[in-house]
Amino acid sequence: MLHKTLNIRGTLTSLDTPLVMGILNVTPDSFYADSRKQTEAAIEKRIQTILSEGGRLIDVGGYSSRPDAAEVSPEEEMGRLAFALKILNTQYPDVPVSVDTFRAGIARWAVEEYGVAIINDISGGELDAAMFDTVADLNVPYIMMHMRGTPQTMQQHTAYTDMMEDIMLYFAAKVRQLHLRGVNDIILDPGFGFSKTVDQNYVLMSRLPEFKEFGLPLLVGVSRKSMLYKFLGGTPADSLNGTTVLNTFALMNGADILRVHDVREAVEAVKIINKLAH
């Protein structure tokens with residue numbers, strides 16, 4: 001059995017038990033209203049909730065990537081992120097923080113100024129040609145997601161001849177580019193909800209085991225997304241049960257990291273699946 005690990009700030013972190021990554025959005029317009037935190041007190045409370053419920057990683061985002069989200073300038077993104085990163089860096093220095101950005105300059109700034117441990121890039125280097133070299137230079141784990149176009153246009157790019165083949169070739173090419181630069185800590189994110197229809201998201205989920213071919217950690221992020229509420233009805237607020245069902249399926253089919261709004265429920269899913277496996 002292949003034992004997957006991540007080198008996070010010089011510490012080898014085992015993925016034998018999947019990790020739960022809690023979402024901290026410092027945006028005014030993320031798709032799930034309850035995830036938006038914009039005051040110091042709200043950010044503090046969210047951090048404490050993630051940690052007390054068993055979250056091992058915190059993913060901070062300052063640019064909403066929901067479909068049709070407004071464009072955000074680099075200055076605005078940095079301003080939003082700085083607010084949360086200062087709190088994390090000073091009060092929770094031991095917690096591994098991931099920054100959700102597709103901009104190489106912001107990735108560098110976050111790592112060098114605030115000790116951010118992981119870069120989470122929804123564009124897989126497509127939206128900033130400097131990203132791969134920057135990640136190699138910073139020597140931090142890199143979450144690489146599959147998306148076509150931009151957050152503003154991605155849902156116009158859902159026509160595939162063979163979606164799975166397209167995604168696998170996309171990752172194969174990019175993993176090679178990163179390996180040539182000396183980047184070894186690469187996490188794959190299939191990109192649920194990005195450039196995919198509702199039906200395509202379920203095909204992708206059903207074929208999750210195919211990503212094991214890469215021998216790399218796999219991150220799944222389906223928390224309260226439209227693939228749930230457009231299929232089941234309701235809104236993001238009604239989608240916790242559906243999220244847990246898909247997270248459980250993902251854990252049974254190779255997910256190493258769950259990126260979620262609801263940490264306690266995801267941690268419980270990990271514990272139960274782990275119990276069944278041993």
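Two residues are in contact here when they have heavy atoms within 4.5 Å of each other. This is a predicted model, so local features need pLDDT of at least 70 and side-chain atom pairs count only at pLDDT 80 or more, while totals for chains, interfaces and linings use all residues. Numbering runs from 1 along each chain as its sequence is written, and side-chain values use heavy atoms, with hydrogens and water left out.

**A buried asparagine and its helix**

With that contact rule, Asn-201 touches Phe-192, Gly-193, Lys-196 and Met-227, not counting residues up to four places away in sequence. Asn-201 lies in helix H6; helices (H or I, at least four residues) and strands (E, at least two) are DSSP runs, numbered from the N terminus. At 2% relative accessibility, Asn-201 counts as buried. The cut-offs are under 20% relative accessible area for buried, over 50% for exposed, and partly exposed in between, using a 1.4 Å probe and protein chains only.

H6 (residues 198-206) also packs on H8 (residues 240-252), at an angle of about 35 degrees and with the axes 10 Å apart. Those axes are lines fitted to C-alpha atoms, for helices over the stretch in contact, and the angles run from 0 to 180 degrees between N-to-C directions. Which residues meet there? From H6 come Tyr-202, Met-205 and Ser-206, and from H8 come Leu-246, Phe-249 and Ala-250. By class, that contact has five nonpolar, one polar and no charged residues. For the classes, Ala, Val, Leu, Ile, Met, Phe, Trp, Tyr, Cys and Pro count as nonpolar, Asp, Glu, Lys and Arg as charged, and the others, Gly among them, as polar.

**H4 and what sits around it**

Helix H4 (residues 131-138) has Met-131, Phe-132, Thr-134, Val-135 and Leu-138 buried. Seen down the H4 axis, these buried residues fall within an arc of 160 degrees, so they line one face of the helix; the arc is that of the directions from the helix axis to the C-beta atoms. As background, an α-helix has 3.6 residues a turn, so residues three or four places apart point the same way. The buried residues of H4 pack against helix H3 (104-114), strand S6 (118-121), strand S7 (142-145) and helix H5 (163-180).

Asn-139 sits in the loop between H4 and S7 and is exposed, with a relative accessible area of 65%. Arg-9 has a positive phi too; its place is the loop between strand S1 (5-8) and strand S2 (11-14), and at 43% relative accessibility it counts as partly exposed. For context, most residues other than glycine have a negative phi.

| Residue | Phi | Relative accessible area |
|---|---|---|
| Arg-9 | near 50 degrees | 43% |
| Asn-139 | near 60 degrees | 65% |

**Cavities**

How many cavities of 30 Å³ or more turn up in a search of the whole structure? Two. A cavity is a set of points, on a 1 Å grid over the protein atoms alone, where a 1.4 Å probe fits but cannot get out, and lining residues have an atom within 4 Å of a point. Grid points are joined across faces, edges and corners, and the volume is the space filled by probe spheres set on the points.

The largest cavity has a volume of about 70 Å³. Arg-9 shows up again in its lining, alongside others including Leu-85, Tyr-92, Val-97 and Tyr-114. Helix H2 (residues 74-91) gives the most to this lining, with three residues, and the lining divides into eight nonpolar, two polar and one charged. The second largest cavity, at about 30 Å³, is lined by Tyr-63, Ser-65, Asp-100, Thr-101, Phe-102 and Ile-122.

Some of those lining residues link to other spots. Ser-65 and Pro-151 are 86 residues apart along the chain, yet their C-alpha atoms are separated by 5.2 Å. Pro-151 is found in the loop between S7 and H5 and is buried, at 2%. Tyr-63 is one of the contacts of Val-72, a buried residue at 5% in the loop between strand S4 (57-61) and H2.

Notes. On a 1 Å grid over the protein atoms alone, a cavity is a set of points where a 1.4 Å probe fits but cannot get out, and a pocket is an open set with protein on both sides within 12 Å along at least five of seven lines; lining residues have an atom within 4 Å of a point.
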